[in-house]
Amino acid sequence: MAASIVQSASNIKSEGAYPSSEAWVALNTSVDGRLQPGIPFARPCFPLASNETKGHFSPSDCNIVEADYLNHLSISNTVGGYINTQWETCQRTGQECLLDWTLPSNAAATMPPRICSQGSVPTFAIDVRNATDVLRGLEFSKEYNISLAIKNTGHDYKGRSGGPGALALWLHNLKSIEFAPNFIPQNCPSAMRTEYAVTVGAGVQFSDLIPFATEHNITIPSGGDLSVGAAGGYPQGGGHGILSNVYGLAADRVLEYEVITPRGEHIIANDCQYSDLFYALRGGGGGTFGVVLKMTTKALPGMPVNAVFSTFNSTVPGNRLEFIRFMVENSLTWAQQGWGTYIIPSEGILLANTVLQPAAANESMKELREFMTGNLTGTFLMTVEPNYETFFNNYIGALIHVPVGVPLTPASRLIPVQSFSENREQLISTLNDIQNVDILIAFGTTPFLFGSNNRTSVTPAWRDSLWHVVFGDIWNYDTSTTDISQKYSNLSAVANGLRDFTPDSGAYQNEADVYEPNHEESFWGNNYPLLLSIKQKYDPDHILDCWQCVGWRGPSSPQYSCYIEGF
Ligand SMILES: Cc1cc2nc3c(=O)[nH]c(=O)nc-3n(C[C@H](O)[C@H](O)[C@H](O)COP(=O)(O)OP(=O)(O)OC[C@H]3O[C@@H](n4cnc5c(N)ncnc54)[C@H](O)[C@@H]3O)c2cc1C
């Protein structure tokens with residue numbers, strides 16, 4: 001293994017004081033041989049590769065990559081895999097190692113003269129298994145001034161879990177899950193006991209956790225994709241899902257984090273100790289304040305879910321606008337009744353409710369049913385699912401398709417509740433005008449009924465909003481840098497339409513415009529000054545840095561040399 005690390009390290013272009021091969025070998029030894037080269041996911045499909053790119057051409061391995069190219073779990077199981085594949089590439093230079101996602105076996109993407117380039121895939125990654133591995137990574141990053149990426153599942157929409165030339169801490173294999181009934185955070189009074197809680201390692205994904213919850217007859221709300229990490233960027237940046245209206249954001253439910261701070265302390269942060277760091281890790285964003293090794297989250301009792309999926313006939317002109325109007329007119333009532341919603345303006349709506357009895361749920365959906373199947377000649381399906389897992393599999397998993405394994409970028413806006421009354425017509429027409437994007441979803445997943453526990457650092461705009469509206473564009477391996485740049489610009493322009501009539505609102509950092517204007521205000525609102533001081537306190541040497549994160553170095557920092565310029 002040491003020999004292959006030397007071999008890998010010797011292929012890397014050396015800039016300034018880039019660590020020598022010997023330094024990498026020493027790091028590898030200090031983490032018990034778990035340093036590994038970062039290899040682009042599609043590397044086996046390319047006969048040619050750039051000098052610094054490790055791995056080999058292998059037709060048999062390539063067959064596996066092709067078969068798994070759009071598989072979220074396969075990508076997130078791979079150290080060099082990124083769900084939104086532009087984050088494997090250097091978007092500014094066009095250097096990449098991507099397949100044609102519309103036809104992964106398309107040789108035009110992989111055969112000479114095309115070459116596989118390292119792009120933004122970190123040069124090396126430590127396959128973290130314990131706190132010492134993290135400490136060694138932090139020390140190495142500080143000593144050699146090499147950027148450190150914390151990588152969990154690689155879902156990040158802003159490229160914050162990779163970077164060219166970086167060393168990654170790969171947390172995927174920290175897979176412990178412990179049921180923790182009657183949990184009391186360390187050094188907290190017994191009055192702070194929580195009946196149901198679960199402690200998970202940093203690499204646990206919802207695909208691991210939701211079946212565990214079913215086994216223990218508890219409920220752990222998730223987002224819309226089971227391969228998202230339960231303890232990483234999702235809760236640290238906010239974490240919305242179809243049950244957030246009633247049970248809050250994932251950040252609201254965190255009870256405790258076990259963290260290695262950039263200062264090298266191994267601590268437990270909760271409401272009773274290191275409470276400033278705890279607050280920062282509940283909304284301030286991943287990759288910024290420390291490396292979370294474990295998280296304890298509140299769980300809910302097992303419960304049935306009233307579930308609805310309804311579509312309209314989109315071939316009839318005018319139905320889309322009528323559908324949007326009905327959604328805007330009814331969303332406040334639905335939220336007050338405890339429904340969470342995923343509204344897809346081109347197709348229909350998915351709803352979930354755990355607080356109404358089935359008869360009341362049926363009654364509350366009567367108008368929607370009549371409208372969708374009558375006026376809009378669509379479909380309406382309603383069931384009571386025995387638990388969250390079956391709800392997820394039968395509804396979100398089966399019926400909602402968020403593309404993965406493709407270059408995809410979103411932009412978004414939180415839509416305040418008063419926009420649904422004061423600016424109703426403008427909201428309807430603005431949404432109706434969003435036509436030229438590949439994805440548009442209005443998530444009725446804000447913590448509207450839940451309110452606030454006042455101890456998180458997400459933008460307060462979450463608490464005043466009814467919808468989180470997300471739209472996005474997709475491209476492919478052969479899209480030029482100019483065209484990619486145009487897509488980012490188009491999305492920003494669409495977002496401006498929503499920003500203009502919600503000037504006091506904000507955006508969800510994890511699903512925002514990569515080039516969000518005034519991002520400190522947008523992502524954190526009046527929490528920002530405190531977050532910045534916490535960043536300075538726990539990371540005085542500024543070891544952790546990520547794109548538009550609290551206290552970041554800014555776009556001209558060399559670690560952002562692969563982001564497209566000019567925004
Ligand atoms: C297909 C898809 C569906 C999604 N659905 C939803 C949804 O329904 N609701 C929602 O709220 N969001 C959703 N997201 C967005 C998701 O919340 C973010 O992408 C989130 O950042 C993912 O975190 P991760 O740890 O899984 O991914 P990564 O990309 O590995 O990490 C994301 C960020 O967190 C940091 N990080 C990760 N682990 C740690 C750790 N242990 N300690 C410190 N920092 C860490 C990383 O450095 C990076 O900055 C979705 C994303 C995708 C691609």
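P386 touches M303 and P304, leaving aside residues up to four places away in sequence. This is a predicted model, so everything below describes computed geometry.

- P386 sits in the loop that runs between β15 (379-385) and α14 (388-399).
- Its relative accessibility is 56%, so P386 counts as exposed, the cut-off being over 50%.

- Helix α11 (residues 319-336) packs against helix α15 (residues 424-433) at an angle of about 140°, and their axes are 10 Å apart.
- That angle makes α11 oblique to α15, since only angles over 145 degrees count as roughly antiparallel.
- The crossing in which α11 passes α15 is right-handed.
- On the α11 side, the contact is made by R320, L321, I324, R325, V328 and E329; α15 contributes R424, E425, L427, I428, L431 and N432.
- Sorted by class, the contact of α11 with α15 has six nonpolar, one polar and five charged residues.
- The axes of α11 and helix α13 (residues 366-375) come within 12 Å and cross at roughly 180°.
- α11 and α13 are therefore roughly antiparallel to each other.
- From α11, the residues that meet α13 are N319, E322, F323, F326, M327, N330 and W334; from α13 they are E367, L368, F371, M372 and N375.
- The contact of α11 with α13 divides into seven nonpolar, three polar and two charged residues.

- G318 lies in the loop between β12 (305-311) and α11.
- With a relative accessible area of 43%, G318 is partly exposed.
- G318 and K537 are 219 residues apart along the chain, and 55 Å separates their C-alpha atoms.

**Helices α2 and α5**

- Helix α2 (residues 21-30) and helix α5 (residues 131-144) have axes that come within 10 Å and cross at roughly 160°.
- That makes α2 roughly antiparallel to α5.
- As with the pair of α11 and α15, α2 passes α5 in a right-handed crossing.
- A23, W24, L27 and S30 of α2 make the contact with R136, F140 and Y144 of α5.
- By class, the contact of α2 with α5 has five nonpolar, one polar and one charged residues.
- N145 counts as exposed, at 69% relative accessibility.
- N145 and N527 are 382 residues apart in sequence, with 29 Å between their C-alpha atoms.

**Helix α18 and its buried face**

- In helix α18 (residues 528-538), the buried residues are Y528, L531, I534, K535 and Y538.
- Seen down the axis of α18, these buried residues fall within an arc of 120°, so they line one face of the helix.
- The buried residues of α18 pack against α10 (275-280) and α17 (519-524).
- In the segment after α18 you will find H542.
- H542 has a positive phi of about 50°, although it is not a glycine.

**Backbone details worth a look**

- Y274 lies in the loop between β9 (266-269) and α10, the latter being one of the helices that the buried residues of α18 pack against.
- Phi of Y274 is near 50°, a positive value in a residue other than glycine.
- Y274 is partly exposed, with a relative accessible area of 35%.
- A cis peptide bond joins P112 and P113, with omega of about 15°.
- P113 lies in the loop between α4 (72-76) and β2 (124-127).

Conventions. Residues are numbered from 1 along each chain as its sequence is written. This is a predicted model: local features need pLDDT of at least 70, side-chain atom pairs count only at pLDDT 80 or more; totals for chains, interfaces and linings use all residues. Side-chain values use heavy atoms; hydrogens and water are left out. Buried means under 20% relative accessible area, exposed over 50%, partly exposed in between (1.4 Å probe, protein chains only). Helices (H or I, at least four residues) and strands (E, at least two) are DSSP runs, numbered from the N terminus. The arc is that of the directions from the helix axis to the C-beta atoms. Contact means heavy atoms within 4.5 Å. Axes are lines fitted to C-alpha atoms, for helices over the stretch in contact, and angles run from 0 to 180 degrees between N-to-C directions. Angles under 35 degrees count as roughly parallel, over 145 as roughly antiparallel, 65 to 115 as roughly perpendicular and the rest as oblique. A crossing is left-handed if the near helix is turned anticlockwise from the far one by less than a right angle, and right-handed if clockwise. Ala, Val, Leu, Ile, Met, Phe, Trp, Tyr, Cys and Pro count as nonpolar, Asp, Glu, Lys and Arg as charged, and the others, Gly among them, as polar.
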